[in-house]
Amino acid sequence: MIEWIITSSGLIVAIILLRFLFRKKISRRLQYALWIPVLLRLLLPFTFGESALSIMNWTELQKSNAITHISNPSNMPEYLPGQPLNDATHAQNETRTQTNGKIDTGKTLGPTFTIGKVLSVAWMLGSCVIGLLFIGVNTAFYMKLRRSRKPYLASLSEMKDTEVNYINNCRRPLYVTEEIISPCLFGFPYPSIYLTPKAVSTEVKTEYIITHELCHLKNGDHMWSVLRGICLVIWWWNPLVWISAVLSQIDSELACDEASIKHIGENSRFSYGRTLIDMIAVRRTIGGLMGTATTMVSGKQNMKERINMIVKKPKTYISAVIAVLIITIICVGCTFTGAEKHVSPDDTETGIVMEGVDVPGDVLEAAKLEVEQLFKIYCEDYPHYGYVDWRIENLNYSYTYEDLDGMRLVIYQMNYELLSKSPENVVLAGGMYITEDNWVMPNYRNCTYLIFRQDGDTLKFLNSMMENDCTPGTELFTDDLRRILSRIENYEHSSFSEYSVFVDGKYLVLGVYDGDFPWGYSLTEISREKWDSDGFRNINKVICDDLIVTYMQASEEGRWSVTYIATTSPKIMTYRGITCGMSETELKNAYGDDLVYSEMYADDNNPVAEYDYVYGYAPARDNTCNHIAFLIKDGVICGIEIKNLIDGRLFQ
């Protein structure tokens with residue numbers, strides 16, 4: 001946002017200076033055209049790439065001189081402990097486990113309302129007010145014209161022998177009204193010409209005025225006036241934009257005068273000037289800037305400038321035109337591009353661990369790698385925030401899952417911050433905050449959790465997760481944790497499988513089990529079917545309270561291979577936490593683009609429930625014959641079937 005303000009304001013100043021220096025040496029139409037890049041810069045909130053010409057390079061240099069870069073400072077030594085997970089640490093951890101992972105958050109934050117946020121709200125509110133004024137002024141003007149206008153009976157076709165038809169033979173509806181103080185072109189996108197009774201008093205006056213308004217039409221001034229009004233709505237607080245609106249409106253009339261004289265002929269120059277003096281109303285109002293009509297309303301000074309241009313016939317200098325074009329191109333390059341990024345050796349030496357962080361070395365190293373990765377992501381996603389360094393502000397043990405699906409998981413809670421060299425560009429949202437020395441928390445405070453699996457004294461980092469509405473140990477956190485773990489590739493745990501359901505505190509998977517059903521699960525058998533098939537023997541289909549399981553004899557005696565699991569119960573969930581009764585939206589959030597939609601589900605068995613359509617999960621990367629079918633009825637999951645087809649795949 002700051003970049004947009006600086007570049008647009010700089011371009012306006014440059015164009016105003018160019019206009020002043022070359023106003024008597026270039027054509028009025030070229031002078032008017034100089035406002036085109038200003039209009040584009042005011043309406044486009046972004047820059048095009050990076051450039052050494054950009055004026056933002058100068059502002060970045062000034063800011064870099066004002067900010068002391070902190071990277072491994074001597075007064076804030078990096079803490080690199082390497083102690084193992086000993087008994088003392090474990091005892092301390094057990095104490096914290098009893099508090100359900102709640103820890104002291106440390107320093108308190110200041111007010112969340114910053115000056116930047118207040119100014120942004122004021123900007124938007126002001127734009128709403130000015131926008132309503134813009135719409136109201138033009139709507140009221142249109143209604144006044146609509147009530148009072150009368151068609152002008154004289155057709156332009158009667159003037160076919162005059163120069164006026166040179167303008168692309170452009171004919172627009174002509175009206176006469178007494179409710180306006182001067183003739184004008186008004187309407188978007190299809191404008192009409194409105195004349196005063198005085199303007200149609202003589203044929204010569206009518207011809208000159210229509211010629212003038214048709215020149216406005218050819219220049220597209222009815223569209224430019226709308227865009228000029230939009231710029232005022234957006235930039236209502238910037239006086240430079242109001243000045244540019246006034247000057248561009250003046251240049252619009254000067255360009256039209258120049259074009260009109262060219263059309264009607266040099267011999268009619270003075271006659272046109274007298275008509276202009278007779279028609280122009282000497283008045284200037286804010287409503288005139290907000291209005292989109294090309295009315296002949298002018299101040300005394302501007303009136304004098306227009307008459308001088310008509311009488312003196314200013315000369316155009318080719319050298320001046322070339323100079324203006326070159327300078328304008330340079331100005332566009334300086335204001336339509338962003339600051340050039342410079343990478344120095346210091347920029348690669350990032351990362352601070354605050355004093356007082358006391359965790360095992362494996363945990364600290366994992367935290368540093370995780371924050372370094374997040375730092376790179378935020379730098380790419382928000383380059384205008386100017387992140388230059390990161391620090392781990394807080395890292396504490398939070399909770400231990402003694403047995404989560406056969407694993408011992410240790411959770412650490414972390415708070416990290418990123419140093420911004422462009423704090424004025426940072427837009428705070430959610431739980432974000434920024435400190436007085438420009439350190440930004442880009443997420444919710446103390447809501448980043450690091451997940452480790454403990455094997456003896458070794459902690460293996462699995463993943464990180466962000467939770468701002470629950471804590472480790474709670475049901476919600478645990479469900480989210482399982483979803484996170486299910487997405488980890490090459491996850492080394494015998495019970496892990498996408499093709500499984502959570503039963504009796506552990507997962508039942510499509511796989512091989514020792515011994516007969518129910519393999520240690522608390523499942524109550526209701527009925528059973530047995531049969532043999534070509535190439536397969538001892539196939540069993542067991543119906544229990546909440547699910548159906550089909551398994552058969554494996555290649556080794558005494559081992560059984562589960563090939564089919566189905567359920568309609570909301571108590572049984574897949575590895576990603578999906579159960580029957582959940583919505584189609586929740587399903588898509590969990591499985592994303594890996595789902596395949598199908599109206600028919602080709603299965604040898606009867607489906608576990610009636611359905612409208614099916615979503616199948618069987619990504620090619622799994623390289624198996626397994627799939628999950630989610631049966632949907634009225635937008636809700638009514639059945640889940642997990643199956644190994646053995647010799648083929650569905651949902652490809």
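What pLDDT does the protein average?

## Confidence

This is a predicted model. The protein averages a pLDDT of 81. Of its residues, 81% score at least 70.

Helix α3 has the highest mean pLDDT, at 96. Helix α5, residues 87–97, has the lowest, at 39.

Two stretches call for care. Over residues 154–170, pLDDT stays under 50. The model has 29 contacts beyond four places in sequence for residues 154–170. Over residues 489–495, pLDDT also stays under 50. Here the model has 14 contacts beyond four places in sequence.

## Helix α3 and its cover

Helix α3 spans residues 35–43. Its buried residues are Trp35, Pro37, Val38, Leu39, Arg41 and Leu42. The charged residue Arg41 is on that list.

What covers these buried residues? Several helices contribute, including α1 (2–22) and α2 (28–33). Also among them are α8 (221–234), α9 (239–264) and α13 (318–335).

## Where α1 meets α9

Two of the helices that cover α3, α1 and α9, also pack against each other. Their axes lie 10 Å apart, at an angle of about 40 degrees. The two helices are therefore oblique to each other. Their crossing is left-handed.

On the α1 side, the residues in contact are Ser9, Ile12, Val13, Ile16 and Arg19. They meet Leu240, Val241, Ile243, Ser244, Leu247, Ile250 and Asp251 in α9. By class, this contact has eight nonpolar, two polar and two charged residues.

An α-helix has 3.6 residues a turn, so residues three or four places apart point the same way.

How values were computed
Residues numbered from 1 in each chain as written. Predicted model: local features only at pLDDT ≥ 70, side-chain atom pairs only at ≥ 80, totals over all residues. Heavy atoms only, no water. Buried < 20%, exposed > 50% of the residue type's maximum accessible area, 1.4 Å probe, protein only. Helix = DSSP H or I, 4+ residues; strand = E, 2+ residues; numbered from the N terminus. Contact = heavy atoms within 4.5 Å. Axes fitted to C-alpha atoms, helices over the stretch in contact; angles between N-to-C directions. Parallel < 35°, antiparallel > 145°, perpendicular 65-115°, else oblique. Left-handed = near helix turned anticlockwise from the far one by under 90°. pLDDT = per-residue confidence, 0-100.
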